[in-house]
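The stops below are given in the order in which to select them.

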Amino acid sequence: MINISIEARMTSTRLPGKTMKLINGKPALEIMVNRVKKAKLVNKIIIATTTNFEDNVIVDWCKKNNIDYFRGSEDNVYERVLKAHQKFNSNIIVELTGDCILITAELIDYAIQLYLDNDYDYVSALDPALMSAQIYSLKILESIKNGRELEYLDKEHVTPYLYTSGKYKILNTKMYKDLDFPEVILDLDTKEDLIVIDKICKNFDNFNFSYKEIAKFIKKNPDVININKHIRRKGLT
């Protein structure tokens with residue numbers, strides 16, 4: 001089973017409730033799930049949310065739309081993702097964050113195929129907007145805590161140990177390498193990001209547009225990327 005998990009919660013400090021913010025009339029999570037559903041190599045999509053009362057709205061949306069979900073710790077994202085995939089019997093994990101609502105199914109399938117065709121423990125594929133799909137097995141995820149105490153980075157970001165410990169065979173790659181496109185951040189993390197993503201989505205008749213179509217829109221409307229380019233991104237610390 002190749003299953004996707006999407007980490008999503010309502011209690012973001014920079015943009016509270018961002019998971020369900022309306023973008024061109026649709027909740028952000030709905031836009032992302034419908035885009036991700038088009039990935040051809042995936043069996044199941046799981047929303048990995050928390051046990052917080054505030055996240056009941058996410059669970060209600062999942063129930064209404066027949067989407068699988070798992071509720072776990074807000075502070076220990078590693079345990080939340082691990083238990084979600086143990087519950088749904090995943091063999092291969094596709095880890096996504098709910099911030100990357102415009103991630104493409106093409107990128108996801110690209111990353112999965114790289115993982116299947118090679119002997120890597122971990123594959124990460126980025127697009128030019130730095131949205132990523134991480135691929136690894138359930139066995140590899142379980143190995144992170146074997147014989148060691150989880151650190152803050154493990155709990156907060158799940159996989160740093162895989163690509164910093166030197167113990168695993170990893171591949172970090174980019175898709176659309178030939179795309180002449182200025183760096184732009186399309187993660188949904190701030191109100192400015194919300195404005196940028198909303199402008200992009202309102203340019204199209206539906207939400208199934210490709211990354212190349214996004215690039216074409218921004219080239220014609222370069223002022224769009226000025227809206228959020230000043231935002232300092234948290235990253236790994």
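Select alanine 48 and arginine 80: the backbone oxygen of alanine 48 lies 2.9 Å from a polar atom of the arginine 80 side chain. A polar contact is a pair of N or O atoms within 3.5 Å; within protein, one must be able to donate a hydrogen and the other to accept it, and residues adjacent in sequence count only if both atoms are side-chain atoms.

This is a predicted model, in which local features need pLDDT of at least 70 and side-chain atom pairs count only at pLDDT 80 or more, while totals for chains, interfaces and linings use all residues. Residues are numbered from 1 along each chain as its sequence is written, and side-chain values use heavy atoms, without hydrogens and water.

Stay on arginine 80, which lies in helix H3 (residues 77-87); helices (H or I, at least four residues) and strands (E, at least two) are DSSP runs, numbered from the N terminus. Arginine 80 is buried, meaning under 20% relative accessible area (1.4 Å probe, protein chains only).

Next, select glutamate 7 in strand S1 (residues 2-7). Glutamate 7 is also buried without a salt bridge. Leaving aside neighbours within four places in sequence, its contacts (heavy atoms within 4.5 Å) include Ala48, Val77, Glu95 and Val158.

Finally, select helix H4 (residues 105-117). Its buried residues, among them Leu107, Ile108 and Tyr115, pack against S1, helix H1 (28-36) and strands S6 (92-97), S7 (122-126) and S8 (132-137).

Technical notes. Buried means under 20% relative accessible area, exposed over 50%, partly exposed in between (1.4 Å probe, protein chains only). Lys and Arg count as positive and Asp and Glu as negative; His and the chain ends are not counted. A salt bridge is a side-chain nitrogen of Lys or Arg within 4 Å of a carboxyl oxygen of Asp or Glu. The expected span of a helix is 1.5 Å times one less than its number of residues.
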